[in-house]
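Here are some friendly notes to read with the structure open beside you. Take the points in order, and look up each residue as you meet its name.

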Amino acid sequence: MANDDGVGALRRRRGTIFAACTRIRTFTESITSVTPTIAAQLEERREKLGGYWSEYDSIQTKLEAHNEAEAENRASFEESYYALSARMRELLYSASALSASAPPSPSSFASVAAQPFNHIRLPKLELPKFTGKYDEWCPFFDSFNSLIHANTSLSDIQRLQYLRASLAGDAVKINSALEISDANY
């Protein structure tokens, strides 16, 4: 009898997950245009949807272990989850593409005009060099991290190329055996 109570509790939790996912789907289907606020809400709901998926999978696996007939529930939930997740990603992608191609607002022109020295050309930054000496590590790491590693516009392969270009002396020997790939960065 106690086992039946556990199965009942699992089914109730699965029902709660279905209801939460249905509310996310209803919100997503009601979107007519993606504003920054809507995009932020979509991102939060998409993250939450991923958590619901993980919890559902765990609960469903336990229910299927108890009763093989429970497996019928998985296929429909998976289809709904993937369709909803893809729709949310599509909405977020279209919103980011629109904001990237949107013309600058009048306020952005005002902020540029307020910068009195924006016409000054700065000298080219030289990448820091690391030869493998212990006392060079902290300054090298701080500079490389802020200039290259934290730069989100670079791929891992590009970062690895910059890292290799920044090495000298004994540090080159260590790194030269690595193949250039995202994984090796």
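This is a predicted model: local features need pLDDT of at least 70, side-chain atom pairs count only at pLDDT 80 or more; totals for chains, interfaces and linings use all residues.

1. **A cluster of rings.** Phe18, Trp53, Tyr56, Phe77, Tyr81 and Tyr82 are joined into a cluster by ring pairs. If the whole structure is searched, eleven aromatic pairs turn up. Two of them are worth a visit, and they come next.

2. **The tilted pair.** Phe18 and Tyr56 pair in a tilted way, with 5.9 Å from centre to centre and 35° between the planes. Which parts of the chain does this pair tie together? Phe18 belongs to helix H1 (residues 2-29) and Tyr56 to helix H2, so the pair connects parts that lie 38 residues apart in sequence. Are the two partners buried or exposed? Phe18 is partly exposed, as its relative accessible area is 27%, whereas Tyr56 is buried, with a value of 0%.

3. **The stacked pair.** Trp53 and Tyr81 also form an aromatic pair, this one stacked, at 4.9 Å centre to centre and with 20° between the planes. This pair links distant parts of the chain too: Trp53 sits in helix H2 and Tyr81 in helix H3 (residues 72-101), 28 residues apart. Trp53 and Tyr81 are both buried.

4. **Phe77 and its neighbours.** Leaving aside residues up to four places away in sequence, Phe77 touches Ile17, Phe18, Cys21, Trp53 and Tyr56. Phe77 is also one of the residues with the most contacts inside the largest nonpolar core, along with Ile17, Leu42 and Leu49.

5. **The cores.** How many residues does the largest nonpolar core have? There are 23 of them. H1, H2 and H3 are the elements that give two or more residues to this core, and H2 gives the most, with nine residues. A second, separate core has nine residues, among them Phe140, Leu154, Leu163 and Leu167. As background, nonpolar side chains tend to be buried together in soluble globular proteins.

6. **Helix H2 up close.** H2 has 31 residues and spans 45 Å from its first C-alpha to its last, close to the 45 Å expected at 1.5 Å a residue. Which residues of H2 are buried? They are Ile38, Ala39, Leu42, Leu49, Tyr52, Trp53, Tyr56, Ile59, Gln60 and Leu63. When you look at the spacing of these names, keep a general rule in mind: an α-helix has 3.6 residues a turn, so residues three or four places apart point the same way.

7. **A closer look at Gln60.** Gln60 lies in H2, which covers residues 36-66. Why does Gln60 count as buried? Its relative accessible area is 0%, and buried means under 20%. Beyond residues up to four places away in sequence, Gln60 touches Arg14, Glu70, Ala71, Asn73 and Arg74.

8. **A charge over a ring.** Have a look at Arg45 as well. Arg45 lies over the face of Phe27, at 3.7 Å from the ring centre.

9. **Stepping back.** What does the chain look like as a whole? The chain has seven helices and zero strands, which gives the pattern α-α-α-α-α-α-α along the sequence. Of its 185 residues, 25% count as buried. Among contacts between residues at least 6 apart in sequence, 59% join residues at least 24 apart. The accessible surface comes to about 13000 Å², and 57% of that belongs to carbon and sulfur atoms.

Note on methods. Residues are numbered from 1 along each chain as its sequence is written. Side-chain values use heavy atoms; hydrogens and water are left out. Helices (H or I, at least four residues) and strands (E, at least two) are DSSP runs, numbered from the N terminus. Buried means under 20% relative accessible area, exposed over 50%, partly exposed in between (1.4 Å probe, protein chains only). Contact means heavy atoms within 4.5 Å. Accessible areas come from the Shrake-Rupley method with a 1.4 Å probe; for residues, only the protein chains shown count as cover. The expected span of a helix is 1.5 Å times one less than its number of residues. Rings of Phe, Tyr and Trp (its six-membered ring) pair if their centres lie within 6.5 Å; planes under 30 degrees apart count as stacked, over 60 as edge-to-face and the rest as tilted. A charge sits over a ring if NZ of Lys or CZ of Arg is within 6 Å of the ring centre and within 35 degrees of the ring normal. A nonpolar core is a set of buried Ala, Val, Leu, Ile, Met, Phe, Trp, Tyr and Cys residues joined through side-chain atoms within 4.5 Å.
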